[in-house]
Structure formats: C-alpha cells, structure tokens
Amino acid sequence: MNRLTKSQLGIVASIMLLVGAAVGAGAMQAGHAPAAAVSAAAPAVREAATMPTTFAPVVKSVLPAVVNISSSKMVKTGFPGGEGDNPFGNLFPGFQFQMPQQRPQTAEGSGVIISSDGYVMTNNHVVDGSTELKVTLSDKRQMTAKVIGTDAKTDIALLKLDAKDLPFVKLGSSADVEVGDIALAIGNPFGIGQTVTMGIISAKGRGGFGIEDYEDFIQTDASINPGNSGGALIDMKGELIGINTAILSPNGGNQGVGFAVPIDMARQVMTQLKEHGSVTRAYIGVTVRDVTPELAAQLGIKSDNGALIVDVTPDGPADKAGLHKDDVIVSLNGKRVDQRGLRLATALMTPGAKVDLGVIHAGSERSISVNLGTMPKEQPQASNDGDGQRNPYRRP
C-alpha cells in the first residue's frame, strides 16, 4: 500500500513538473511578446473594415433619378457645289458655290432629377440652343422638358418636367467632400444607356482651365465619357456632390481625369434660376492678379499670396470704398484668398451684401468694408469648342 502510494505520488509529481514547465514557457512567451498579442487583437485597417463589397444599394437608390437628355436644334450648314450647281456659273466659271441651309442636329447628355415635382439639373452645354428637349427616365418614360434657366458661366442649367412623385437625388455638401473619398459617376455615356463608374475624389478646387468662367471643380478618376455631361457624381450616402461637366482628353478618350461642378456652387445657381430664371452676380469692381513670391518681393510685402489690384472700376464698389491700384487683397470676411478665390466668392454673393476685405496698402494691412455691386452683363470669358488639339479639356 505504501509502495503504491509512493508510485502514485511519483506520477503526480511528474505531471506537475510538466504542467509547470508548460505554464512557465507560456509566461515567458507572453512576457517577451506583448506587442504581438496586442497587434493580433487590434481591428483591421479602416479601409478593409468599412469597404463595402457592393455599391448596389446606393446605386439602386440613385439610378432612377438619373435621366438621359436628347436635345435637338437647327444648325446652319452648306454644301460645296460643282459648276453645275453654281447659279452664277455663266458669270463666274469655276466658282465653287456654297448654298447656306439649315439642318437638324441632335445631341445626347445626362441630367439629375433633384425634386419629386420634376426639376432636373444638367449642364448648360447639353441644352444650349436647343429647340426641343426630350428626357428619358430609367423606366423608359419619355417627357418633354422646359428650360427654366441656364448659366453659361458655371455650365449649369435647370429644367422642369410636367410630372409628380418622381424619384430624385438628395443634394449633399461638396464642402464635406475629402480627397480620397469614394465617388460614383452615373450617366449615359455614348448613348448606350445608364452606366455607373467608380473612382475616388482626386482633388478639390480645380480651376484655371478656361472651360468655364467660374471653375471650382471636383476632380475624380471615375470614368466620364461623351454623354455623361450633366450626370451625377454621388458619394457613398447616395447624395449628389457634383454635376459631371468636363474631362482632360488630349486625344478624345477618357484619361481618368474628370471634373464636376461642386453641388454647393450648383445649388446656389439653381436657386437663382428657379426664382428668377437667370443668375445675378455681385462684384467688387476691381481687376486683380495673383501675388507670386517674385511679385511680393517687388512690392516689398511679406505676403506671397493674395490678389493684386491692377485696375479699379471708376465709381464702382471698390472705388467708393477707397481701394487703389497696387493694393493687395489678402482676405475676404477673414478667409485668405487669391485671385480665383476672391472672384468665386464674390460672384456667389448677393449684390448689396457687405464684405470685409483684408487689404495691404502702402506696406501695412488694414480692413476695408465694401458694399458689393451688381456685376454688369458681360459675355462669357471661357471658350472651349471641344477641339482637343487646341484645348485638352473637353465637355463630355
């Protein structure tokens, strides 16, 4: 009995030694690798954790509100005639006579329904000069659209359908858009039908291309092609953040560089078009240019940013407020501005509004209040006829 007990005790002691060794080894491993344990327990990176496996729910909510727009207009043309077609052949033998005439021309574009009662936002160049506009909905219904108003300076147009209870897209905020956000472009490229492409927001505040007079584009690599003009750029909430309007296309094809009018700008234009049928802009009454580091050195000022006044409109708002040539406007209502930023900001304000300008005059900065005036009627400054050889930026 004692021998059996000792044997049992020996077995138990051996087991305890083995267990103790295992526990000790585990403790040593835990003591030497706490970072590995924490890393293993950490959640996956943000993109992998939140990246959806499908965009179908977002697309399904927006697609019914994106429409195809077919515009018709008459264009002047002619045909080169031979001597037999020349009514002046007896007087001018060999003269190539060209008979002027008109022919119908159709074009395809896209649009976005923004209210259940039938307001549609699109590009001005989609409807410009049209004599008839046909809008085709996703359910194949076709309606005639009425032009409420257009604004060539931002390339925005507002149409109206005589219908109720239509699907529409909720307007988002382009100010909340960040570079790197996922974006979807929806439209009717090449007339093949509704198409969805995906990309990211590549940049914000793009301008200076000469496509429109007022450029503050959202740039995206989502494919935008001919026929996409006026279509929707939406975020992952299914909200409208831009109206697709142009592409960088030296050779006529998509290069992965597309531009959309930001919805915050388009919303302000749309509101005026809806209420007045046209857009009235405010202005300061100055001609300005950007301040470069070289120019700042010549002027003897520390700021290498801002808008240098090169001309003041006589008896205009700036003249009345006491601004002078060679003054430098560095801020508007406390926000730093350059030449383009100043022009964009004031153009979207209401005539008669009061603004505070930070101005460098004779080397010192001061604040000047200006009551904005109404911008005189003028012809659009930008021009882009779609010729990729002369201008690489095209309207799709």
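Where is the place of E215? In this predicted model, E215 is found in the loop between β8 and β9, and, with a relative accessibility of 4%, this residue counts as buried. The loop between β8 (195-206) and β9 (217-220) also holds F209, a residue that takes part in a cluster of ring pairs together with F217 and F259.

**Aromatic pairs**

- A search of the whole structure finds three aromatic pairs, and ring pairs link F209, F217 and F259 into a cluster.
- The pair of F209 and F217 is stacked, because the ring centres lie 6.4 Å apart and the ring planes meet at 5°; both of these residues are buried.
- F209 and F259 also form an aromatic pair, which is tilted, with 4.9 Å from centre to centre and 45° between the planes.
- Since F209 lies in the loop between β8 and β9 whereas F259 belongs to strand β12 (residues 258-262), this pair ties together parts that are 50 residues apart in sequence.
- F209 has a relative accessible area of 19%, and is therefore buried under a cut-off of 20%.
- F259 is likewise buried, with a relative accessible area of 2%.

**Charged side chains over rings**

- K274 lies over the face of Y119, at a distance of 4.5 Å from the ring centre.
- R343 is placed over the face of Y214, at 4.2 Å from the ring centre.

- Q219 is a residue of strand β9 and counts as buried, its relative accessibility being 12%.
- The side chain of Q219 makes a polar contact with the side chain of R206, at 2.7 Å.

**Cavity**

- The structure holds one cavity of 30 Å³ or more, and about 30 Å³ of space lies in the largest cavity.
- The lining of the largest cavity is made up of A185, P189, T195, T197, S223, N225 and N228.
- By residue class, this lining of the largest cavity divides into two nonpolar and five polar residues, with no charged residue.

**Positive phi outside glycine**

- D165, found in the loop between β6 (156-161) and β7 (182-187), has a phi near 55°, a positive value in a residue other than glycine.
- With a relative accessible area of 73%, D165 is exposed.
- D326 has its place in the loop between α8 (317-321) and β16 (328-332), and the phi of D326 is near 80°, again a positive value in a residue other than glycine.
- D326 counts as partly exposed, at a relative accessibility of 46%.

How values were computed: Residues numbered from 1 in each chain as written. Predicted model: local features only at pLDDT ≥ 70, side-chain atom pairs only at ≥ 80, totals over all residues. Heavy atoms only, no water. 1 Å grid on protein atoms, 1.4 Å probe; cavity = no way out; pocket = protein on both sides within 12 Å on 5 of 7 lines; lining within 4 Å. Points joined across faces, edges and corners; volume = space filled by probe spheres on them. Nonpolar A, V, L, I, M, F, W, Y, C, P; charged D, E, K, R; others polar. Phe/Tyr/Trp six-rings, centres within 6.5 Å; stacked < 30°, edge-to-face > 60°. Buried < 20%, exposed > 50% of the residue type's maximum accessible area, 1.4 Å probe, protein only. Helix = DSSP H or I, 4+ residues; strand = E, 2+ residues; numbered from the N terminus. Lys NZ or Arg CZ within 6 Å of the ring centre and 35° of its normal. Polar contact = N/O pair within 3.5 Å; in protein donor to acceptor, adjacent residues only side chain to side chain.
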